[in-house]
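Subject: Structure handover

Hello,

My notes follow below it.

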Amino acid sequence: MSSAREAVQAVEARDAARVARTYARVSFHPRSGRGARLLDAGGRGYWDLLAGIAVSALGHGHPRLRRALREAADGIWHVSNLYYHPAQGLLAERLTRASGLSRAFFCNSGTEANEAALKFARLRNPGRDRIVALEEGFHGRTLGALSVTGHAPYREPFAPLLPGAHFVSPNDVEALEAAVTPSTSAILLEPVMGEAGVVPLDDAFLRAARRAADRTGATLIFDEVQCGLGRTGTLFAFERSSVVPDVVTLAKPLGGGLPLGAVLLAAPFDDLLAPGQHGSTFGGNPLACALGLALLDEIEEARLLSRVSSLGVWLGAKLEALRRRVPAITAVRGCGLMWGIELDREAAPVAGRLLSSGFVVGTARKSVLRLLPPYVVPRSALSLFVRALEDALKEPTRP
Ligand SMILES: Cc1ncc(COP(=O)(O)O)c(C=O)c1O
């Protein structure tokens, strides 16, 4: 057996013996990368069409991010939120100017951003206990965010959860209007639902959510952890609609690969939040914020939003043409560089076949292949993927 093969087997054996069993890992060992290209431990190349689940928006080893990290690493790494460092305020300024919202709170992950957003909504309307969220929506694994996550198998083993969560079917305006009452604290939704299998919400549904929030005084929270920061072709996914939420949560690509989350808050929260009401030891640390600023600079200077938009239109047409040719594809949904390809079979074996052909793709629920490539992915890689997918779907499925 080659020493490279032995080395990866040792990694898998140690993981199996000592790492908590919360992940069903695939036997894939990426070791280095440039742009949308990954190399595994054996030196084999792959196109990365998943970007670490929407994190590596600029791909791997981006020169601007490497420079920003080197410069930040020469400075102080941690100051705590008791004291000041310049990058946090600069990043808050950039995010609030771009979104039209007023202030930013920084944390380390998507679930923490949603926890904070739910707490802030409670402060706005003390005592209100109802939170309206969507069936099959996903907001994270901590207890509060999990309570409002619409996928029952994630929630049920951990009951009892936060009381008051109420789930409605995505894009069902009537159900939403009926669910939002004067005791509703927050309406929480992903404008493009990721884990649900890439389900874009209709503008009419988002407008109904805005109206319901205005009618009752509930806080409208958009979870843009997966679909935000350029993924759909606009910096914020809400810009694709006519609706401005009260609160936006962000994470995944924000720290350029380091953990960083943010909650963007509309002006009514300015006077609600007081020192001591929420906090984080690591949130908004100097290294992650420096990378966040570099990410935003690159998105702007390299005009990545228009690249993502036009590539998305092109890819959508390619996938739609494939759907018409290949009966195994039952639906194609998405925008920008966020696509779900619904199959008439389980998606995981197909993703495995694509990995063998050199393409890293994700899955969502049982039967959806999910594409979240870096914004720098070459068009030629997407063309090759479409061909490889057609081939993968021709192979008979194993029982
Ligand atoms: C829409 C959405 N919200 C929240 C989360 C949770 O983020 P994290 O894993 O950083 O806690 C995710 C993660 O996939 C997500 O897709």
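Which helix gives the largest share of the shell around the ligand? Helix α5, residues 110–124, does, with three residues. (Helices are DSSP runs of H or I with at least four residues, strands are E runs of at least two, and both are numbered from the N terminus.)

Before the rest, some conventions. This is a predicted model, in which local features need pLDDT of at least 70 and side-chain atom pairs count only at pLDDT 80 or more, while totals for chains, interfaces and linings use all residues. Residues are numbered from 1 along each chain as its sequence is written, and side-chain values use heavy atoms, with hydrogens and water left out.

Ligand site

The ligand is surrounded by 13 residues, where a residue counts as near if one of its heavy atoms lies within 4 Å. The closest are Gly 110, Thr 111, Asp 223, Gln 226 and Lys 252. Sorted by class, the shell holds seven polar, four charged and two nonpolar residues. (Nonpolar covers Ala, Val, Leu, Ile, Met, Phe, Trp, Tyr, Cys and Pro; charged covers Asp, Glu, Lys and Arg; the others, Gly among them, are polar.)

An N or O atom in the side chain of Asp 223 is 2.7 Å from a ligand nitrogen. Gln 226 places a polar side-chain atom 2.8 Å from an oxygen atom of the ligand. A polar backbone atom of Phe 138 is 3.4 Å from a nitrogen atom of the ligand. Of the 390 Å² of accessible area that the ligand has on its own, the protein covers 82% (Shrake-Rupley method, 1.4 Å probe).

Cysteines

The whole structure has zero disulfides, defined as pairs of cysteine sulfur atoms within 2.5 Å. For Cys 107, the closest cysteine sulfur is in Cys 289, at 11 Å, so it is too far for a bond. For Cys 227, the closest is in Cys 335, at 8.1 Å, also too far. Cys 107 is buried at 1% relative accessibility, and Cys 227 is buried at 1% (buried is under 20% relative accessible area, with a 1.4 Å probe and protein chains only).

Sheet

Four strands form an open sheet of mixed pairing, in the order β1-β2-β3-β15; two strands pair if DSSP finds at least two bridges between them. Its edge strands, β1 (30–34) and β15 (359–360), each pair on one side only. Strand β3 (residues 45–48) runs parallel to β15 and is joined to it by two bridges. Trp 47 has Phe 359 in β15 as its bridge partner.

Regards

How values were computed
Polar contact = N/O pair within 3.5 Å; in protein donor to acceptor, adjacent residues only side chain to side chain. Buried < 20%, exposed > 50% of the residue type's maximum accessible area, 1.4 Å probe, protein only.
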